[in-house]
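Open the model in your viewer and keep the selection panel at hand. The tour moves from helix pairs to sheets, then out to the whole chain.

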Amino acid sequence: MRPADDRFFTRRLIAAALLALPLAALADPGHVHELTPASADTLTVVGPWELTGIEPSRSGFMFTRMEVTQTLLDVDDAGHLRAGAASSWEVSSDQREWRFFIRQGNRFHDGSPLTANTALVSLRRALKTPGVLQLAGITELYAERGAVVVRLRKPFAPLPFLFTQYSTQLLAPSSFNATGRVTAIVGSGPYRIKSITLPQMFETEFADTWNGDAPAVRRARYISVSRAETRALMAQSRQADLAFTLDPPSIRRLQRQQGVSLVAQNLPRTTFLKLNAAHPFLRDERVRQAISLGVERDGIARALLRDADLGATQLFPPALAQWHQTTMAPLRTDPAAARALLQQAGFAPGADGILWRDGRRFAITLYTFVDRPELPLIASAIQEEMRQIGIAVRVIVGNSSDIPAGHRSGSLEMGLVARNFGTTPDPTATMVGDYTNGGGDWGAMNWHDAALDAALARLSTGEAPGAQNADRAAVAARLQASLPVIPVVWYRQTIAVSSRVRNVSIDAFERSYRISDIKWHP
């Protein structure tokens, strides 16, 4: 694309995105002036995520991020396992029994000890709840000589990484009522819950039960603010110390704002189109390839994200170093080639330029959500790009729950999602859940590939350790060729940081806001 054409594309893309964006996506029930200023001794964090309840499988990620709860294991910035509530771990020679030895001296916020037996209360409950533990084939879960013992039906090499995920967080037995329902969040991290106001806010304070170093920040609060512009204004007006998930216009404005700095980190997250491969049109691989060829990734990255480096050339971003394939042919944009493929697939244009086949107009509904502020804009840009190749796309901006609900009911045709491949630091388990057996809520839909299944099976059992790189490459290649999901852009997290604080860093795996590491600025 020539520079002049690129400038024209940028203007057209932004105009189309803003004009097509439903007004509901711009609405924000909260206003900056309705929220109290940051307290002198309280760190205020704002983000887009509401607390839909206190059930760990749903909102548990916020309790680990705010360091209220712990998991058995943790990871460092490179994704290597390290101790959490468990001080060490080991696996049997047949790879079917794992032992996680609980660190001595840990206590829950109610003063009760964190032992292998008390940890089992949460872990057995997590095993019965839809979540990552169901991927492992666990047959037994019990305590023995200070260790949580996990028995497996067959070897599952990524098992320890599952115990870093928020749905496996450990709560005191007093957190549950007689029926096993969570009625309170009593964790074992450096902070305890002081108050919760669902769905918008909760406050924490330092827990004197913590047996680690005492943090400089003794009190913190999280506030859910849906609109990115509002979050940025809160940082600008010093009503927030950390503001997460900013939109590009706000980032540009804050770059010129005194009293606020920006911290950025590439994350293992990819925004992609999720396609229903059982759809009469989308089951044709040529059609999926045509849609991919019609997506102007570099233009979207440059015009909407203001970062040309974020155009996704493949599903796995460079932040996922073991899975990113540097030698694989990149995805490209070629609308003419897209139209030719669609013609080969039997489509012909109607009077308005939209394609028809077998008496049916190529009109499709695309769902996305507002939790990540860039998604509605990207969806509207894609709507215009698909029109250019003859596909009519209707965009519906709703809730993130619409995507998995549509997957399960079979009604979803196309969804624009941002998938975090660092949900577990080794994404093997995530990939198994997303792409085998016809797909998963945040991956493929009604799509199956035997070669990919075989490669993921070898990775999950660890049966061919010397071939792991080849198997990861095979998975990437099959996804690039068949395109059950179509990568659009990668992701860079940028947060606004108040001048009141220092020593702020971003966890690439989004497990923690690292509040206990933050210092007040002198």
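Start with α12 and α13, whose crossing is left-handed. In a left-handed crossing the near helix is turned anticlockwise from the far one by less than a right angle; clockwise would be right-handed. Select Thr 428, Met 431, Val 432 and Tyr 435 of α12, then Leu 452, Asp 453, Leu 456, Leu 459 and Ser 460 of α13: these residues make the contact. Contact means heavy atoms within 4.5 Å. By class, the contact of α12 with α13 holds six nonpolar, two polar and one charged residues. Ala, Val, Leu, Ile, Met, Phe, Trp, Tyr, Cys and Pro count as nonpolar; Asp, Glu, Lys and Arg count as charged; the others, Gly among them, are polar.

A note on the model: it is predicted, local features need pLDDT of at least 70, side-chain atom pairs count only at pLDDT 80 or more, and totals for chains, interfaces and linings use all residues. Residues are numbered from 1 along each chain as its sequence is written, and side-chain values use heavy atoms, leaving out hydrogens and water.

Axes are lines fitted to C-alpha atoms, for helices over the stretch in contact, and angles run from 0 to 180 degrees between N-to-C directions. Helices (H or I, at least four residues) and strands (E, at least two) are DSSP runs, numbered from the N terminus.

The crossing of α13 and α14 is left-handed. On α13, the contact residues include Ala 451, Ala 455 and Arg 458; on α14, they include Asp 471, Val 475 and Leu 479. The contact of α13 with α14 has eight nonpolar, one polar and four charged residues.

Next, select α7 (residues 285-294) and α9 (residues 335-344). Here the angle is about 160 degrees and the axes lie 8 Å apart. The crossing of α7 and α9 is left-handed. Among the residues that meet are Val 287, Ala 290 and Leu 293 in α7, and Ala 338, Leu 341 and Leu 342 in α9.

Turn to the sheets. Two strands pair if DSSP finds at least two bridges between them. Which three strands form an open antiparallel sheet? The order is β13-β14-β15. β13 (348-349) and β15 (360-361) are the edge strands. Select Ala 348: Trp 356 in β14 stands opposite.

Then colour the sheet of 10 strands, ordered β8-β9-β10-β1-β11-β19-β12-β18-β16-β17, open and with mixed pairing. β8 (191-197) and β17 (392-398) are at the edges with a single partner strand each, so one side of each has no neighbour in the sheet. Inside, two bridges join β11 (residues 242-243) to β19 (residues 485-498), running antiparallel. Ala 243 stands opposite Ala 496 in β19.

Finally, zoom out. The chain has 14 helices and 21 strands. Its C-alpha trace spans about 70 × 60 × 40 Å along the principal axes.
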